Amino acid sequence: MMKLQKTISTISLAVAIALSGMAQASSHREAPNITRLPTLDSTDFYLFNSYEAGRTGYVTVLANYIPLQDPQGGPNYFALDPAAVYSIHIDNTGDAVEDLTFQFRFSQQLANDNMGVKLPIGPAGNQKMVAVPLKNVGAISAGNSAALNFVETYQLSLVTGPQQSGTKTALSSGSADGSFTKPYDYIGEKTFGNSAAYQSYANQYMYETSLPGCDAKARVFVGQRKDPFVVNLGETFDLVNYVPVEGDSAPGAGDAAGFPGGITQNTANDDLRGKNVTTLALELPTSCITGTGNGVIGAWTTASLPQARILNPNPAFDNTEVNGGALVQVSRLSNPLVNELVIGVADKDKFSASHPKDDGQFADYVTHPSLPALLNVLFKDAVNATLGTSIEDLAPTNFPRNDLVTAFLTGVPGVNQLSTVTPSEMLRLNTAIAATPAASQSAFGVAGNDLAGFPNGRRPGDDVVDIALRVMMGALCHDIPVNGTPTNLGLCEPADAAVGNVSFTDGAPLDASMIDSSFPYLRAPLAGSPN
């Protein structure tokens, strides 16, 4: 038994190289081109039945952008691109074409008609009005933002039908021009006060809005939040400087009764614990987004720029370039880790620019994934020679990998598969499966006997790093609990995945207790200057 444990632990160390594909967390900096466009970089995408008390019958969608925000990253902080279109798409028919698209377009303004706040500088007779170099000139609070020198607003529209040819309706915040306001980033406690005070300030910009043909109202919020994603990055890049198997008998048990030398859960392993993101949040009435299908929806987020950008050689505020031409999609995200762990480097930018209906071009990456095969080539002989074993293949041997096709491209029958099945990479949610209250959620979602979690949608408290590692290495070939009963999904057999039942983990814990239990669910951002 001890020899088997050592064998599995050593194999697991090899498998952990897979984590190095997660270049900067879930989808932070996931493709070469998007690293040059951080304001359009989608970091994480969430889709789940709302579990806030009293919000049954609503679906929450969260699209995070601008990765790796240092809270102290001033003086300009993290504005969104006013030339871009940020979109959240929903397919409710199963043809992998959007039926509903929520489009966000941002604007930015300085005080005094874009001249900015000016102060009188110099003595009488030699005094000049000079613009200040900062985006705020004093304290800001709920109901009082007079000291704010910079404001972001946005227009929100709903396109019904395909994004390029559908019917577009402007949604209103209720203000005179219908625009919405994005709260300023959490500069620090001298400007905003403590986290509770900042939250009160930000809550002013949580809106209700009417959707065409829908009796119930949607909720909208855009603003900076604490990055909810967790991942162990530093030690992974240091030649996987840990054994990525649970070292306790259960996560957090603290008994060292798991795999010898295995990593144990510790928030210190989360290298994003000090980072913020920018969140586009919607809470939508379920009955108004499911259409005439079977109650399952697919969703994804994209960001697009005009095709041409000509830089202004004499720039001024909000006049740094001229943009024109058709919109070109440069960012795309639904399921976590797909572009990191599945798509080859040569096609990562193509995937970012593609649409779900065209995902057949990437099918080989899913049916015949290269990463497990690479691990086998690199480590099989060494593992067998060192341990005296004769494991034929460390990677799953079922081809095509129908387990991955189901997880990423079609959905699981009876769980989150649309009535019409078009293989395509979307996050799929069965809106008829009741939300699990926060206190009862499993961080392992469906694999943790919680059908309301990943891959049935994704909640912020779902530990998708651990789940994805296990699925990649064949977890779905082994029994998983379905309504409490160990069940083989019939996609492959245990013999197909020699290490498919290993408890892979990066040791960075995540669960619903680390997330708020009301819209927009993600916690207030970290202060740039805490007291």
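This is a predicted model: local features need pLDDT of at least 70, side-chain atom pairs count only at pLDDT 80 or more; totals for chains, interfaces and linings use all residues.
Tutor: Residues are numbered from 1 along each chain as its sequence is written, and side-chain values use heavy atoms, with hydrogens and water left out.

Student: In what order do the 5 strands of the open sheet lie?

Tutor: Strands are DSSP runs of E with at least two residues, and helices are runs of H or I with at least four, numbered from the N terminus. Two strands pair if DSSP finds at least two bridges between them. The pairing in this open sheet is antiparallel, and the order is β1-β2-β12-β11-β10.

Student: Which are the edge strands?

Tutor: An edge strand of this sheet pairs on one side only. β10 pairs with β11 (residues 218–226) over 3 antiparallel bridges, and T209 stands opposite A218 in β11. The edge strands are β1 (42–49) and β10 (207–209).

Student: Which residue of β12 is the bridge partner of F221?

Tutor: β12 is joined to β2 (residues 58–69) by 9 antiparallel bridges, and Y58 has P285 as its bridge partner in β12. β11 and β12 also pair in the antiparallel sense, over 8 bridges. The bridge partner of F221 in β12 is A281.

Student: Why is β12 described as largely enclosed by the rest of the structure?

Tutor: Buried means under 20% relative accessible area, exposed means over 50%, and partly exposed lies in between, with a 1.4 Å probe and protein chains only. In a regular strand the side chains alternate between the two faces of the sheet. Both faces of β12 are covered, with N276, T278, L280, L282 and L284 buried on one side and V277, T279, A281, E283 and P285 on the other. β12 is largely enclosed because the buried residues number 10 of the 10.

Student: Is K275 buried or exposed?

Tutor: K275 lies in the loop between α5 (234–237) and β12 (276–285). Leaving aside residues up to four places away in sequence, K275 touches L68, Q69, D70, K226, D227 and L526, where contact means heavy atoms within 4.5 Å. With a relative accessible area of 19%, K275 is buried.

Student: How many residues of β7 are buried?

Tutor: β7 (residues 150–160) is joined to β4 (residues 100–110) by 11 antiparallel bridges, and F150 in β7 is the bridge partner of L110. β7 also pairs in the antiparallel sense with β9 (residues 180–182) over 3 bridges. Strand β7 is largely enclosed by the rest of the structure, because its buried residues number 8 of the 11.

Student: Which residue takes a positive phi in the hairpin of β7 and β8?

Tutor: β7 and β8 (residues 167–171) run antiparallel and are joined by 5 bridges, with T167 in β8 as the bridge partner of T160. The hairpin has 6 residues between the strands, and the residue with a positive phi near 100° is G161.

Student: What is the relative accessibility of I121?

Tutor: I121 is found in β5 (residues 118–121). L119, I121 and V130 form a nonpolar patch on the surface. I121 counts as partly exposed, because its relative accessibility is 46%.

Note on methods. Patches are made of residues with over 30% relative accessible area and no salt bridge: like charges are joined within 9 Å, nonpolar side chains (Val, Leu, Ile, Met, Phe, Trp, Tyr) within 5 Å. Accessible areas come from the Shrake-Rupley method with a 1.4 Å probe; for residues, only the protein chains shown count as cover. A salt bridge is a side-chain nitrogen of Lys or Arg within 4 Å of a carboxyl oxygen of Asp or Glu.
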